[in-house]
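Visitor: Hi! I'm new to this one and would like a friendly tour. Could you put it up on the screen?

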Amino acid sequence: MTPFAYQVEQFADLRILRYEIPNFETLPLNKKAYIYYLSQAALCGRDIIWDQHNEHNLFLRGCLGIIYKELDRINSSFQKLELYYKRVLFSNGLHHHYSTEKIPIDLTAKELDEWVSCFSSQEINKLGLKSSDELKTKLSSLLMDVEYATKRVCQDEGKDLVQHSANNFYKDLAQHEAEAFYSKLKDEDEPHGISHGLNSRLIKTDAGIREEVWKLNGKYSKAIEKIIYWLNKAAEVAENKQQKKCINLLCEYYITGDLKLFDEYSIEWLQEQTGSIDFINGFIEVYGDPLGFKATWESLVNITDEEETAKASIISEQAQWFEDHSPVMPHHRKDKVKGVTMKVINAIMLGGDCYPASPLGINLPNAEWIREVHGSKSVSLQNISHAYEMASLSSGVIEEFAYSIDEIKLHKLYGSIADNLHTHLHECVGHGSGKLEEGVGSDALKAYGSVIEEARADLFGLYFMADEKMIELGLVPHMDVAKAQYNSYIRNGLMVQLARIAEGANIEQTHMRNRQLIASWVLENTRESNAVVKVEKEGKTYFVINDYKQLRLLFGQLLKEVQRIKSQGDYLAAKKLVETYGVHVNKEIHSEVIRRYSKLNVAPYSGFLNPELTAIYTNQELIDVKVSYDESFMEQMQRYNVEYNFEMGNSRP
Ligand code: ZN
């Protein structure tokens with residue numbers, strides 16, 4: 001048997017990997033069927049995320065598909081087209097998936113003419129346009145105008161974040177109008193408030209400001225109808241009654257758009273603990289909206305990794321111990337930490353905002369009041385991180401950026417255990433820890449809320465990794481595991497991750513901001529302890545940890561402050577912390593990192609192809625589901641373009 005091919009291909013700054021579902025073939029038919037139907041529902045929302053990212057994305061995808069099919073392969077611009085098309089497909093639209101900046105393409109007027117000539121007049125009409133001139137004008141502004149739709153998520157201080165963001169969450173209104181709209185709704189709200197604005201676009205018309213709700217017979221109705229169809233099929237073969245109840249509630253929510261039902265569903269979903277197959281499907285994360293109201297559509301179908309889960313559940317059981325020993329101020333600790341569950345899962349199907357760039361861990365639901373009353377469910381994706389690990393062992397990155405042979409050895413020995421453990425602590429006890437002071441709203445930190453929250457969970461994990469308790473619980477074979485994690489966190493936060501951003505740019509992405517925030521804060525606050533120092537060796541810069549105990553204390557100190565900021569809703573302190581440490585890049589180090597990294601020829605971002613699941617029917621009865629891993633990136637993307645293309649009509653200008 002040939003070994004599983006984790007790496008598929010690489011282009012621009014992107015690396016395409018593949019993940020494997022362990023033992024899929026041996027699952028009983030009813031589980032395979034359940035997985036298959038949920039997976040179909042996961043793929044049916046693909047158009048939604050495209051349109052949410054920008055109102056012209058589906059139009060652009062349609063155009064690029066035609067040009068890609070028609071343009072002569074020997075045309076000088078074909079390679080430009082192919083690269084750009086692949087990048088757009090990866091990003092679910094015309095903005096980079098991570099930086100959210102417009103993906104550049106260097107196209108001449110003549111080349112654009114050739115591209116436009118690929119369209120028949122029938123196709124132009126189908127796109128809702130009258131003439132090829134109109135098509136040319138539109139493509140020109142989307143592809144070549146650097147002033148147009150510059151950035152998907154604008155977080156620049158002092159700008160109108162709504163008007164400067166090219167996402168499709170707000171139409172024809174200003175930031176203050178959107179904020180006023182939702183603060184009014186909140187004023188009228190009950191104590192356990194629903195997440196207003198989560199599943200709608202806010203638009204301003206002559207009749208006033210109103211929401212276009214994403215639901216059946218609302219916006220995205222065609223995709224949602226398909227999602228409901230497959231969810232209903234799944235409900236028929238669910239593993240247990242609770243799963244069925246969840247799915248029914250979710251469908252009702254998709255039909256009505258009623259956010260109260262979404263909260264009800266979330267609570268029931270939290271209670272479902274016994275099945276081995278689980279899924280996420282809905283409007284979940286708000287990172288794509290600088291105001292933090294609107295959620296992007298995502299889906300993930302997964303199956304429990306029993307072996308790893310047994311290990312991780314040890315952490316869950318100790319949730320209260322962690323809370324009681326957390327270095328935050330005592331009145332910011334929870335008296336009782338509830339319902340922290342920790343599950344290690346294997347991904348089966350990634351959809352929407354989870355595809356192809358997959359998360360490594362997920363902690364849901366997001367509604368703060370549900371988390372406080374009912375707890376949260378936390379998962380880490382074992383086969384995804386395993387695929388990363390397998391692909392990266394041979395990349396040379398560690399050898400280039402680690403200071404010493406010992407640091408490299410430590411990484412090879414414990415890097416993978418350390419990373420798993422940190423993810424578990426982050427997702428399970430980190431996010432679930434701490435409490436808000438009375439009267440403080442969960443959105444008090446506004447645009448800085450996500451960074452502060454991620455920093456908080458990361459710090460919680462970093463602090464406890466180096467606790468003797470880890471040995472006592474049998475979670476690590478040696479305390480050096482924490483050292484391996486500290487090394488890689490500092491190395492990544494101050495250097496390696498900078499390879500992902502363009503020279504001269506600032507850090508925009510939440511997780512990158514939080515990592516640099518933590519690493520550069522400890523570097524600056526290490527003072528006489530010299531816990532972390534900058535070292536030059538043979539013309540190269542390294543950040544070296546001299547004192548792991550001191551570094552741990554610094555992590556604890558910062559955790560205390562970050563928790564205080566969140567607990568008190570101290571917006572100004574959040575802003576200062578993030579702007580001082582998380583946003584701006586040391587220019588010299590940055591260009592050095594880019595220089596050193598580029599020699600390794602490793603793309604800084606990765607995404608995953610899904611396995612292909614094929615249902616086998618006899619007399620319209622499902623008798624088996626086959627799994628295969630043979631598709632190339634373009635094959636999978638083009639298949640999705642055809643099979644899950646429901647919303648094209650909505651993108652007409
Ligand atoms: Zn997190």
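Visitor: How many of the 16 residues of α1 are buried?

Guide: For α1 the count is 13 of the 16, so the helix is largely enclosed by the rest of the structure. Before we go on, please keep in mind that this is a predicted model.

Visitor: Noted! Where does α1 run, and what is its reach from first C-alpha to last?

Guide: Helix α1 covers residues 29-44. From its first C-alpha to its last it reaches 23 Å, which is close to the 22 Å expected at 1.5 Å a residue.

Visitor: What does α1 give to the largest nonpolar core?

Guide: That core has 202 residues. Helix α1 gives the most to it, with 10 residues.

Visitor: Which residues have the most contacts inside that core?

Guide: Those are L135, L139 and L231. Take L139: leaving out residues up to four places away in sequence, L139 touches F59, L60, C63, I67, L112, V116 and M144. There is also another core, lying apart from the largest one, with 5 residues that include I267, L270, A367 and I370.

Visitor: New topic, the metal. Which residues are the protein donors of the zinc ion?

Guide: The zinc ion has H426 (NE2), H431 (NE2) and E454 (OE) as its protein donors, at 2.1 to 2.2 Å. Along the chain, these donors follow the spacing H-x4-H-x22-E.

Visitor: Are the two histidines, H426 and H431, buried or exposed?

Guide: Both H426 and H431 are buried.

Visitor: What does H511 touch?

Guide: Not counting residues up to four places away in sequence, H511 touches Y98, Y287 and E454. H511 itself sits in helix α21, residues 510-525, and is partly exposed, with a relative accessible area of 25%.

Visitor: And how far is H511 from G432?

Guide: Their C-alpha atoms are separated by 18 Å, while the two residues are 79 apart along the chain.

Visitor: Let's talk rings. How many aromatic pairs are there?

Guide: The count comes to 32 aromatic pairs. One of them joins F4 and Y6: the ring centres are 4.9 Å apart and the planes are at 65°, so this pair is edge-to-face. F4 is partly exposed, at 21% relative accessible area, whereas Y6 counts as buried at 15%.

Visitor: How are the rings of Y253 and F262 arranged?

Guide: That pair is tilted, at 4.9 Å centre to centre with 35° between the planes. Y253 and F262 are both buried. They also belong to a cluster linked by ring pairs, together with F169, W214, Y220, Y254, Y265 and F283.

Visitor: Where is Y220, and what is its phi?

Guide: Y220 lies in the loop between β5 (208-213) and α9 (221-236). Its phi is near 65°, a positive value in a residue other than glycine. Y220 is buried too, with a relative accessible area of 1%.

Visitor: What about N530 and its phi?

Guide: N530 has a phi near 50°, again a positive value in a residue other than glycine. N530 lies in the loop between α21 and β11 (532-537), and it is partly exposed at 38% relative accessible area.

Visitor: Last one: which residues lie over the faces of Y68 and Y542?

Guide: R73 lies over the face of Y68, 5.0 Å from the ring centre. For Y542 it is K537, at 5.3 Å from the ring centre.

Conventions
Residues are numbered from 1 along each chain as its sequence is written. This is a predicted model: local features need pLDDT of at least 70, side-chain atom pairs count only at pLDDT 80 or more; totals for chains, interfaces and linings use all residues. Side-chain values use heavy atoms; hydrogens and water are left out. Donors are N, O and S atoms within 2.8 Å of the metal (3.2 Å for Na, K and Ca); water is not among the atoms, so sites may look incomplete. Buried means under 20% relative accessible area, exposed over 50%, partly exposed in between (1.4 Å probe, protein chains only). Rings of Phe, Tyr and Trp (its six-membered ring) pair if their centres lie within 6.5 Å; planes under 30 degrees apart count as stacked, over 60 as edge-to-face and the rest as tilted. A charge sits over a ring if NZ of Lys or CZ of Arg is within 6 Å of the ring centre and within 35 degrees of the ring normal. A nonpolar core is a set of buried Ala, Val, Leu, Ile, Met, Phe, Trp, Tyr and Cys residues joined through side-chain atoms within 4.5 Å. Helices (H or I, at least four residues) and strands (E, at least two) are DSSP runs, numbered from the N terminus. Contact means heavy atoms within 4.5 Å. The expected span of a helix is 1.5 Å times one less than its number of residues.
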